[in-house]
Amino acid sequence: MINVNNIYKKFGDLSVLNGVSCKIERGEKVVIVGPSGGGKSTFLRCMNLLEFPTYGEVWLDDGLLTPIDPYLHRDIIVLSNTFKKMFDERFTDGVDRELLTEEIIAEIKHKDLLKEHGEGKDYRSAIKKLYKENLVDINQARAKMGMVFQHFNLFNNMKVIDNMIFAPVKLKKLSKEEAIAKARALLARVGLADKENAYPSTLSGGQKQRIAIVRALMMNPEVILFDEPTSALDPEMVGEVLSVMKDLAKEGMTMVVVTHEMGFAKEVATRVIFMDEGLIKEENTPEEFFNNPQNPRLKEFLSKVL
Amino acid sequence: MTNFLASGFGLFVEIFTNSEYLTMIFEGLKNTLIISLGAAVLGLILGLIVAMVKILPKNKFTVVPKAICGVYTTVIRGTPMALQLFIMTFVVFAIRGFPQIVVAILAFGINSGAYVSESIRAGLLSVDKGQTEAGRALGLKGSQTLFNIVIPQAMKTMVPTVGNEFIALIKETSIVSMIGMYDLTMVSKILAGSKYFASYFIPTTVVAIFYLALVYLVTLIIKLIERRLRKSDKR
């Protein structure tokens, strides 16, 4: 359902993601672990475009969320002047066309040869066409992807109930009455029915995070992204938030979780990803991931955290 | 001495009881109020627009508006208000019959906008980025997030400083008397020059009291707004 294709993210000179690809299927619970500064959060935030990838594409089902990255489409590369020129220079009788094409495409990708301007009309219109056909409204896409933040980010100017109903009512997903009924049911489910009219500043971290989770659920998302949901919590409160997340997982919610909670990864994940230096270094089922790690950096990491 | 005080008191009473003088004062007060209120509204609108342009990310679409807003605040804050008023009156709107009060509102509003924009900008920046992110992550548009989530929270830091700016504005309107407009300050000058008073002492004191009362009222209103805004802070 989410398809992240070869994304790079640079903040000025600092490159945080160096070509990450990952497909997330419906129903999966993907847990991303790794050392701080390894690009985990940035990767997650690229999925709903809170960070805009410098290169690469992000797709939600059939909808494109980013601009077209020409390097990812060989049928676009072959339309470029750079390709045509290289092909003409190298093609002689007896050379296999297919093979030469592959070779040149590989070289263009490897050496970053496509220019921003001057690649010709065919190339430009092909990009435009593909973009127009697939681009979806980013706000509608985000509404399908819930997000839970490390620092909760409840709207401080609104009561708990308004925090929950604001977006679905504003975006006309639910009527106000429906939204209130749904919010109350969700609050009861996480044991916070009595906090309906409280302001966020009066709540504990664990309470805030549980509300942040049900606020995301109000939009009926198809997937929820968790960005270190327990990292800012007192140790005592970690359990209550994790248990809400485990319940969600049991119900079949698609989840992508960046976390340091290895126990949660072992118990809930269907796939665990290890990220370091802006790359996916290892990706496996939790059993294999924890019992039989391959990457040396992962082995070192696990020996420290387990 | 007692004689002087007694006569002073008599003049004081005279101002507040003689309908002729009262009418003059209220006419001046009305103009002061119209200019202040008009300029405050204009300043608020301008300030909000300029502040929002200034917090936009830099790209090829925003570079020109951002530059314009930068020049605006620099020029307006870098030149004296009286001079700006002269320029508006004698250069920009040097049109016979153009209502002076409109010129004054424009001059003070444009001036106020430059200061208000900085207060608003500081307020908007004081709201945690996570609030915007949470709004956007739910699928809300940038404008929906700004107006419903960021601005209400920014108000808490904005209201005291913007209020301060309005108080300064009310008093600064007194310089319209320099272009011959009939405001509270002008009334004090006219009365002082009249045969009956022939002194600045009583007219200026009385007008000062009116300014003071006006500013005090605005201060009260600001405090009231601040208290309402702090509702969500109660622990």
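A salt bridge here is a side-chain nitrogen of Lys or Arg within 4 Å of a carboxyl oxygen of Asp or Glu. The exercises below apply to a predicted model.

**Exercise 1. Find the salt bridge between chain A and chain B, and state which side chains form it.**

Solution. 

**Exercise 2. Describe the extent and the make-up of the interface of chain A and chain B.**

Solution. 
- Step 1: count the residues. Chain A contributes 25 residues in contact with 22 residues of chain B.
- Step 2: take the area. The two chains bury about 2100 Å² between them, and 56% of that lies on carbon and sulfur atoms.
- Step 3: locate the main contributors in chain A. N139(A), F155(A) and N157(A) lose the most area to chain B, together 23% of what that side buries.

**Exercise 3. Work out which elements and residue classes make up the side of chain A that touches chain B.**

Solution. 
- Step 1: four elements of chain A each supply at least two residues to this side, namely helices α6 (138-144), α7 (160-170) and α9 (205-217) and strand β6 (145-148).
- Step 2: by class, this side has 14 nonpolar, seven polar and four charged residues.

**Exercise 4. Give the strand order of the six-stranded sheet in chain A and explain why β6 and β10 of chain A stand at the edges.**

Solution. 
- Step 1: the sheet is open, its pairing is mixed, and its order is β6-β7-β8-β3-β9-β10.
- Step 2: β6 and β10 (279-284) of chain A each have a single partner strand, so one side of each lacks a neighbour in the sheet.
- Step 3: on average, neighbouring strands are turned by 20 degrees against each other, direction ignored.
- Step 4: within the sheet, β3 (residues 29-33) and β8 (residues 254-258) of chain A run parallel and pair over four bridges. V30(A) lies opposite V256(A) in β8(A).
- Step 5: α9(A) packs on this sheet, touching β6 and β7 (223-227) of chain A, and its direction makes about 170 degrees with that of β6(A).

**Exercise 5. Characterise the hairpin of β1(A) and β2(A).**

Solution. 
- Step 1: β1 (residues 2-11) and β2 (residues 14-24) of chain A pair in the antiparallel sense over eight bridges.
- Step 2: N3(A) stands opposite K23(A) in β2(A).
- Step 3: two residues lie between the strands, and G12(A) takes a positive phi near 65 degrees.

How values were computed. Residues numbered from 1 in each chain as written. Chains lettered and ligands numbered in written order. Predicted model: local features only at pLDDT ≥ 70, side-chain atom pairs only at ≥ 80, totals over all residues. Heavy atoms only, no water. Contact = heavy atoms within 4.5 Å. Buried area = accessible area lost by both parts, 1.4 Å probe. Nonpolar A, V, L, I, M, F, W, Y, C, P; charged D, E, K, R; others polar. Pairing = 2+ DSSP bridges. Axes fitted to C-alpha atoms, helices over the stretch in contact; angles between N-to-C directions.
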